Amino acid sequence: MSFSDFDRQMMTTALRLAERGRYSTSPNPRVGCVICRDDQLLAQGWHQRAGSGHAEVNALANLADARAATVYVTLEPCSHQGRTPPCADSLINAGVSRVVVAIEDPNPLVAGRGITRLREAGVQVDVGLMTAQAEAINIGFMRRMRGGLPWLRLKSASSIDGRTAMASGESQWITGPAARADVQKLRAQSCAILSGVETVLHDDAALTVRAENFSADDDAAIALDGDWRQPLRVIVDSSLRTPVGAKLFAGGGEILIATRVTDVERHKPLEAAGATVVIIEDDGHGRVALPALMAYLRELNCNEVLLEAGAVLAGAALRAGIVDEWYVYMAPCVMGSSGRPLLDWPMITMAEQQALDIVDIRAVGKDWRIHCRVPNTVGAEDVPERV
């Protein structure tokens, strides 16, 4: 299929609109839509949050007459009745003549049915414009709908000599305010924030999204107008050491404690404090099996997960092959050879090394952010080599 320059321009606009739902649509995909006629943009819309109107419906609501119009949408229009009516039907009833779709929806409830319904109604449907970009916007949703694990991002902060804390455990603050604000964006776009009990014990971290860290020019944050969704906070706590007085319980939102403790009496204090305690299968060493935990989060409709943890859990996640991306914030300081390492991952030979693909390196305030993709992870075959 050959697409015009105007087609590409309009799909680019639709993709930018989809980005405005980055922090709010979970567990739904981020979708943008524009409506044109005679090479003129007439209306636009995006999916703002789960349960509200989809992108196509929101765009149609901004246009009195969509007859003979061309619609550009970043994901195949839905064909099933969910919390909202089928978007394919809305487009047909509006009388549009052409729909350009960036990528088919792998959701088994859709999976080409929306495209088929439009074509059966006489609407011209062209698929495959800027597919890689559309995949990237919803990389976790696409993976989950294809039956894979949620997309996992690992976030680490270290000194320039690769230390994450002093030998005493003291670690606040390695990086500066700009880097910490940047991490808030990673948190906000995640369905869940994953951490370990050691982080709770040593840092007493709340692991919440704090809106004051977002800049005034962040379109996705502006779209929320202060109405923030707090991600699910998940603590890996194999032996159930999380204190009920932890700051974690004062942050609002849902908390999940993943453990190996089967004594339900030990669950009750944490449940009374507001957490859900779930028993996850053993990894063979008495600890929570991380792939099994990620599979559990998939069943909770988590698309994207952010892992913020110390060297032990970070190393275990990388060894388990469940980390897809790694963001390392490196501060311009030296913490010395007695400091704690970035990872707990003993290796003996060069053949054991883990190769990484560097996506981007940039300054964030006084620190550097290194963004890497981790190849050959679980489910890596479900996503493009580069998006």
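Predicted model: local features only at pLDDT ≥ 70, side-chain atom pairs only at ≥ 80, totals over all residues.

Trainee: Which residues of helix H11 are buried?

Mentor: H11 covers residues 290-299. Buried means under 20% relative accessible area. In H11 that picks out Leu-290, Leu-293, Met-294, Ala-295 and Leu-297.

Trainee: Which helix do the buried residues of H11 pack against?

Mentor: Several strands are among their partners, including E6 (151-159) and E12 (304-308). There is a helix on the list too, covering 311-320, and that's H12.

Trainee: How many disulfides does the count come to, and why?

Mentor: A disulfide needs a pair of cysteine sulfur atoms within 2.5 Å. For Cys-302, the closest cysteine sulfur is in Cys-191, 5.3 Å away, so that's too far for a bond. Cys-372 has its closest cysteine sulfur in Cys-333, at 19 Å, which is also too far. The count of disulfides comes to 0.

Trainee: Is Cys-372 buried or exposed?

Mentor: The cut-off for buried is under 20% relative accessible area. Cys-372 has 5%, so Cys-372 is buried.

Trainee: What accessible area does the nonpolar patch on the surface have together?

Mentor: The patch is formed by Ile-358, Ile-361 and Trp-368. Ile-358 sits in strand E15, residues 357-364. Together the three patch residues have an accessible area of about 320 Å².

Notes: Residues numbered from 1 in each chain as written. Heavy atoms only, no water. Buried < 20%, exposed > 50% of the residue type's maximum accessible area, 1.4 Å probe, protein only. Helix = DSSP H or I, 4+ residues; strand = E, 2+ residues; numbered from the N terminus. Contact = heavy atoms within 4.5 Å. Patch = residues over 30% accessible without salt bridge, like charges linked within 9 Å, V, L, I, M, F, W, Y side chains within 5 Å. Areas by Shrake-Rupley, 256 points an atom, 1.4 Å probe, with all protein chains shown as cover. Salt bridge = Lys/Arg side-chain N within 4 Å of Asp/Glu carboxyl O.
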